[in-house]
Amino acid sequence: MRLSCSFLLAVVSLAAEPADWIWSGRYVLTAAGARRVIENGAVAVRGERIVAVGPRVEIDRRFQAKQRLDRPDALLAPGLINTHTHAAMSLLRGVADDLRLQDWLEKFIFPAEAKNVSPEFVRWGTKLACAEMLLGGTTTFTDMYYFEDVVAEAAKEAGMRGVLGETIIGFPVADARTPADSLKLAESLLTRFAKDPLIVPAVAPHAIYTNSDETLKASRALANRFGAPLLIHLSETKRENDETIARRKMSPTRALESLGMFNGRTLAAHAVWMDSADLEILRVRRAGVAHCPSSNMKLSSGVAPVLRMRALGIHVGLGPDGPAGSNNDLNMFEEMDLAAKLQKVMSQDPQSLPASAVFDMATMGGARALGLEREIGSLEPGKRADMISVALDQPHAAPLYEPVSQMVYALKASDVRDVMVNGKPVVRDRRILTLDLKQVLSKAEEFRGRIKASLKK
Ligand SMILES: [Zn+2]
């Protein structure tokens with residue numbers, strides 16, 4: 001009798017592997033492999049990682065979870081990956097609109113930043129941005145700004161993943177008098193967050209037109225010394241190209257190549273004004289691209305050759321860019337929708353960039369562009385548990401024929417209901433669990449008053 005009891009116990013424990021969480025949904029969009037959409041699916045999570053993805057009946061049979069979240073009226077998807085932004089600039093949202101990039105930067109943004117950017121500005125601006133991003137289903141953001149160590153602290157407090165680059169720029173800024181000072185800040189960021197589970201520290205020389213050759217080369221060398229990614233704006237406007245060609249007799253991409261800037265992990269933001277030789281350099285150097293359709297449209301910068309990039313096998317992710325005047329929000333659902341439609345308009349071919357391609361850009365494509373494809377970007381065993389549930393119970397979500405099409409063309413950031421990052425729930429039923437949203441919003445209002453007054457002086 002005693003023998004058969006212990007035999008039974010053994011069978012029960014074999015049948016139920018431990019898990020911390022099981023999330024289930026009407027559909028699971030895995031963004032991985034052949035089985036990309038699972039109807040009535042579930043995801044099992046243990047610690048910081050996904051341990052299994054499959055039909056709910058199979059997952060329930062195999063795992064005994066400490067906690068579970070069943071959403072029969074939602075779909076589950078990988079957390080969305082924002083490959084280019086300046087999160088703290090959310091405090092400047094709408095301060096100056098409807099301008100070209102250079103006017104917007106030189107007449108409004110640089111002066112407003114000179115008078116207002118401080119560690120506290122960056123802390124509250126980043127918290128505001130993280131709240132917006134998490135509530136809209138973004139679980140990883142890629143940032144270029146000042147006081148990037150404070151960005152990292154705020155991101156960690158929010159429970160959000162970040163690829164965070166200290167900005168290096170050739171004039172005095174809020175956190176550094178010289179590029180050499182910025183490089184020191186970048187090095188301390190790389191050291192401090194070297195082994196962080198949520199933060200990938202990076203080096204972010206602003207652009208070719210705002211840095212000397214020496215500073216650019218020093219930025220590359222520093223990034224390579226730490227095996228860190230280098231983030232840079234590239235060929236965002238025609239003016240950037242015209243001026244670089246006038247001065248150097250080379251396109252920005254060729255000039256950066258001649259300096260050895262692509263010799264290591266690189267993510268180029270925008271890449272709008274690119275010819276075939278420029279694209280060939282990105283392909284050969286395996287540089288990723290952050291495509292920012294909202295920003296490129298709003299600033300009239302142009303249309304990036306996304307179809308040619310993808311045809312060449314260049315990894316392209318999506319980014320909302322600045323929440324100040326170049327977008328003005330951090331909504332990855334809008335970026336997916338606009339990316340698809342912008343290429344259709346340009347190519348006059350509705351099949352040129354289908355829903356599945358832009359969903360890929362917001363998930364695995366972004367992960368590949370960042371060099372993080374082994375860790376994030378899909379719902380697969382072994383990956384970090386970065387996952388969202390998106391409600392399907394609103395009029396704009398019914399009826400549902402094809403879940404990926406619905407995700408890209410019909411669902412909204414405000415449909416995001418639950419978010420998990422690194423195995424930890426951070427949004428539950430549209431409520432952010434990690435930040436005091438009331439406090440974040442009242443701080444944003446307080447900063448608005450201060451910034452408005454500073455611009456009148
Ligand atoms: Zn930018």
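User: What makes H84, H86, H233 and D321 the protein donors of the zinc ion?

Analyst: Distance. This is a predicted model, and in it H84 (NE2), H86 (NE2), H233 (NE2) and D321 (OD) lie 2.1 to 2.5 Å from the zinc ion. The cut-off for a donor N, O or S atom is 2.8 Å here, so these atoms qualify. Along the chain the donors follow the spacing H-x1-H-x146-H-x87-D. Take H86 and D321: they link distant parts of the chain, 235 residues apart. H86 is in the loop between β5 (80-85) and α3 (101-116), while D321 is in the loop between β12 (316-318) and α13 (332-347). Both H86 and D321 are buried.

User: Why is the site of the zinc ion called irregular?

Analyst: The angles among the four donor atoms run from 84 to 172°. One caution: water is not among the atoms, so sites may look incomplete.

User: Next, D278. Why does D278 count as buried?

Analyst: D278 has 1% relative accessibility, and buried means under 20%, so D278 counts as buried. Its place is in helix α10 (residues 276-284). Beyond its neighbours within four places in sequence, D278 is in contact with S251, T253, R254 and W273.

User: What makes the pairing of the D278 and S251 side chains a polar contact?

Analyst: The two side chains are 2.7 Å apart at that contact. The limit for a pair of N or O atoms is 3.5 Å, so the D278 and S251 side chains meet the distance test.

User: Why is the F110 and F171 pair called edge-to-face?

Analyst: There are three aromatic pairs in the structure. For F110 and F171, the angle between the planes is 70° and the centres are 5.2 Å apart. Centres within 6.5 Å make a pair, and planes over 60 degrees apart make it edge-to-face, so both parts of the label hold for F110 and F171. This pair links distant parts of the chain, with F110 in helix α3 and F171 in the loop between β7 (161-168) and α6 (179-192), 61 residues apart. F171 is partly exposed at 30% relative accessible area.

User: And what makes the Y145 and Y146 pair tilted?

Analyst: Here the planes are 50° apart, with 5.0 Å centre to centre. Stacked needs under 30 degrees and edge-to-face over 60, so 50° leaves tilted for Y145 and Y146. Y145 is buried with a relative accessible area of 3%, and Y146 is buried with 5%.

User: Now N40 and R286. Why is N40 partly exposed and R286 exposed?

Analyst: N40 has 49% relative accessibility and R286 has 74%. Exposed means over 50%, and partly exposed runs from there down to the buried limit of 20%, so N40 is partly exposed and R286 is exposed. N40 lies in strand β2 (residues 37-46), and R286 is in the loop between α10 and β11. Neither is a glycine, but phi is positive in both: near 50° for N40 and about 55° for R286.

User: Last one: why does H291 count as buried?

Analyst: H291 is at 0% relative accessibility, against a cut-off of under 20%, so buried it is. H291 has its place in strand β11 (residues 288-291). Its contacts beyond four places in sequence include N296, A304, V306, Q343 and M361.

How values were computed: Residues are numbered from 1 along each chain as its sequence is written. This is a predicted model: local features need pLDDT of at least 70, side-chain atom pairs count only at pLDDT 80 or more; totals for chains, interfaces and linings use all residues. Side-chain values use heavy atoms; hydrogens and water are left out. Donors are N, O and S atoms within 2.8 Å of the metal (3.2 Å for Na, K and Ca); water is not among the atoms, so sites may look incomplete. Four donors count as tetrahedral if all angles lie between 85 and 135 degrees; four count as square planar and six as octahedral if opposite donors are over 155 degrees apart and all others between 65 and 115; anything else is irregular. Helices (H or I, at least four residues) and strands (E, at least two) are DSSP runs, numbered from the N terminus. Buried means under 20% relative accessible area, exposed over 50%, partly exposed in between (1.4 Å probe, protein chains only). A polar contact is a pair of N or O atoms within 3.5 Å; within protein, one must be able to donate a hydrogen and the other to accept it, and residues adjacent in sequence count only if both atoms are side-chain atoms. Contact means heavy atoms within 4.5 Å. Rings of Phe, Tyr and Trp (its six-membered ring) pair if their centres lie within 6.5 Å; planes under 30 degrees apart count as stacked, over 60 as edge-to-face and the rest as tilted.
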